[in-house]
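Please have the structure open while I talk.

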Amino acid sequence: MSAPTVLVVDDDPGVRRALDRALRLEGFVVRLAEGGDEALAAVGERPPRAIVLDMTMPGTDGLGVIRTLRAQGDTTPICVLSARDGLDDRVEGLQAGADDYLVKPFATPELVARLHALLRRTAPAAVGVLEAGSLRVDRRRHRVWLDGDELALTAREFALLACLTEHAGAVLSRGQLLERVWGYDFAVNTNVVDVFVGYLRRKLEQDGRPRMLRTVRGEGFVLRP
């Protein structure tokens with residue numbers, strides 16, 4: 001299997017050089033972009049397997065890159081690098097469509113581990129259509145219906161809902177969801193599962209629908225149609 005290509009986007013030449021060297025040593029093929037517009041052009045020309053993306057850049061910033069790619073239907077895994085460590089900043093990046101959020105300064109081994117995790121999650125689904133009550137999840141076409149109405153989900157929301165639907169009625173811990181949906185098989189301190197559960201709940205419960213995605217205190221989450 002050929003080495004995965006990672007697009008590194010950062011306006012700081014020192015950061016680009018450091019990540020270029022570090023990721024190549026880890027076996028990745030690295031392409032570089034110094035801004036958002038250059039990154040979008042690079043993705044359009046030759047899509048990478050994953051993107052490492054700075055948030056604060058002149059011109060089109062990181063959020064602009066994420067929103068543009070997701071609006072185009074591009075599901076390339078994106079790991080954000082940002083000096084902004086506030087909860088609102090992390091939520092904004094993830095809600096825009098980022099798959100992971102790493103705060104600067106960071107340890108290179110952690111970035112490498114997170115990239116491998118993002119790449120592992122792209123394995124094809126074994127089952128085509130999942131059903132739980134009035135919920136239907138088509139894993140091959142990435143489409144979801146609830147009570148006959150189609151729901152608009154991001155790629156990560158879809159992956160999380162598909163996992164919960166596949167195990168409907170069973171409680172899945174945060175660790176299990178991080179491993180199955182995000183690909184993490186190592187300890188990681190993040191509330192990303194809770195954030196995305198919140199996103200899903202708002203969409204599943206719109207128009208006054210009853211709650212079906214429940215929290216089991218101290219254990220995790222369960223889908224009970």
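D10 touches V15, R16, A33, E34, D54, M57 and K104, leaving aside residues up to four places away in sequence, where a contact means heavy atoms within 4.5 Å. This is a predicted model, in which local features need pLDDT of at least 70 and side-chain atom pairs count only at pLDDT 80 or more, while totals for chains, interfaces and linings use all residues. Residues are numbered from 1 along each chain as its sequence is written, and side-chain values use heavy atoms, with hydrogens and water left out.

D10 sits in the loop between strand 1 and helix 1 (13-25); helices (H or I, at least four residues) and strands (E, at least two) are DSSP runs, numbered from the N terminus. With a relative accessible area of 2%, D10 is buried, the terms being buried for under 20%, exposed for over 50% and partly exposed in between, with a 1.4 Å probe and protein chains only. Its side chain also makes a polar contact with the side chain of K104, at 3.1 Å; such a contact is a pair of N or O atoms within 3.5 Å, one able to donate a hydrogen and the other to accept it, and residues adjacent in sequence count only if both atoms are side-chain atoms.

Let me turn to helix 2. Which residues of helix 2 (residues 36-45) are buried? They are G36, A39, A42 and V43. Seen down the axis of helix 2, these buried residues fall within an arc of 120°, so they line one face of the helix, the arc being that of the directions from the helix axis to the C-beta atoms. On the other side of helix 2, D37, G44 and E45 are exposed. The buried residues of helix 2 pack against strand 1 (5-9), strand 2 (29-33), strand 3 (50-54) and helix 3 (62-71).

Finally, the spaces. On a 1 Å grid over the protein atoms alone, a cavity is a set of points where a 1.4 Å probe fits but cannot get out, and a pocket is an open set with protein on both sides within 12 Å along at least five of seven lines; lining residues have an atom within 4 Å of a point. The largest cavity is lined by M55, L63, S82, R84, D89, E92 and Y101. Of the 20 residues that line the second largest pocket, T75, L153, T154, A155 and R156 lie nearest its centre, and helix 6 gives the most to that lining, with three residues.
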